Amino acid sequence: MRKPTTRFITPLLVMAGALALASCGSQGPEEGAGDDPAAAPDDTAAPVDTVAAETGTIPAEFRGNWGINAADCEGGAAAKGLLEIDGTTLTFYESVGTLGDDVTLEPHAIQAVFAFEGEGMEWTREMRMETRDDGQTLIRQEMGEDAMRGALEYRKCR
């Protein structure tokens with residue numbers, strides 16, 4: 001007589017093994033190709049910025065001025081959402097973050113730790129940034145215990 005638990009465990013192990021093997025298979029062009037162009041990853045269009053990877057800098061597609069709203073791009077006192085990015089720094093309204101050594105680059109994305117200074121304080125923050133819409137949109141997400149919740153969306157200033 002089989003134990004009752006064996007009756008349930010054996011089929012589960014067989015199913016887990018089948019799923020593991022199925023996930024290793026390649027998806028041919030006839031399977032799902034072109035079903036949903038919006039779901040296709042954008043990273044096939046551009047390789048990682050090799051210059052940025054070799055020099056430890058922020059990739060060129062992120063550099064420039066970015067605004068949360070149109071007034072940010074006009075400058076002046078109303079530009080509290082302006083983000084200026086150069087090769088090694090993020091400059092916000094009241095703080096500046098300097099790129100650290102812990103950097104991960106992907107096509108259209110960077111994740112890094114930045115050392116910040118502002119209003120007499122110093123802190124570090126891990127951050128992920130992605131460009132979308134042919135480099136016209138920047139999504140910035142802070143990470144870590146004291147990170148701001150949610151992502152911020154910026155538009156490239158002209």
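**Core, rings and charges**

At 1% relative accessibility, F114 counts as buried, since the label covers anything under 20% relative accessible area, with exposed meaning over 50% and partly exposed lying in between (1.4 Å probe, protein chains only). The model is a predicted one, so local features need pLDDT of at least 70 and side-chain atom pairs count only at pLDDT 80 or more, while totals for chains, interfaces and linings use all residues. Residues are numbered from 1 along each chain as its sequence is written, and side-chain values use heavy atoms, with hydrogens and water left out.

Not counting residues up to four places away in sequence, F114 touches I58, L90, G97, T98, L99, G100, W123, T124, R125, M127 and M129, where contact means heavy atoms within 4.5 Å. Helices (H or I, at least four residues) and strands (E, at least two) are DSSP runs numbered from the N terminus. In soluble globular proteins, nonpolar side chains tend to be buried together.

On to the rings. A pair of aromatic rings is described by the distance of the centres and the angle of the planes. Rings of Phe, Tyr and Trp (its six-membered ring) pair if their centres lie within 6.5 Å; planes under 30 degrees apart are stacked, over 60 edge-to-face, and the rest tilted. The structure holds three such pairs. F114 and F116 make a tilted one, because their centres are 6.4 Å apart and their planes meet at 50 degrees. F116 and W123, by contrast, are stacked, at 5.5 Å centre to centre and 5 degrees between the planes. F116 is buried at 5% relative accessibility, whereas W123, at 32%, is partly exposed. Together with F92, the residues F114, F116 and W123 form one aromatic cluster.

Two buried loop residues are worth a look. S95, in the loop between β3 (89-91) and β4, has a relative accessible area of 13%; leaving out residues up to four places away in sequence, S95 touches L90, F116, E117, G118 and W123. T57 is in the loop between α2 (50-55) and β1 (64-67), at 15%. The T57 side chain makes polar contacts with the side chains of T55 at 3.0 Å and R63 at 3.2 Å. Such a contact is a pair of N or O atoms within 3.5 Å; within protein, one must be able to donate a hydrogen and the other to accept it, and residues adjacent in sequence count only if both atoms are side-chain atoms.

Finally, the charges. There are six salt bridges, each a side-chain nitrogen of Lys or Arg within 4 Å of a carboxyl oxygen of Asp or Glu. R125 pairs with E142, closest N and O atoms 3.4 Å apart, linking β6 to β7 (residues 137-143) across 17 residues. Both partners are buried, R125 at 13% and E142 at 17%. E130 bridges to R128 at 3.2 Å and to R132 at 3.3 Å. R128 is buried at 19%, while E130 is partly exposed at 22%, as is R132 at 41%. E106, R128, E130 and R132 are linked in a network of salt bridges.
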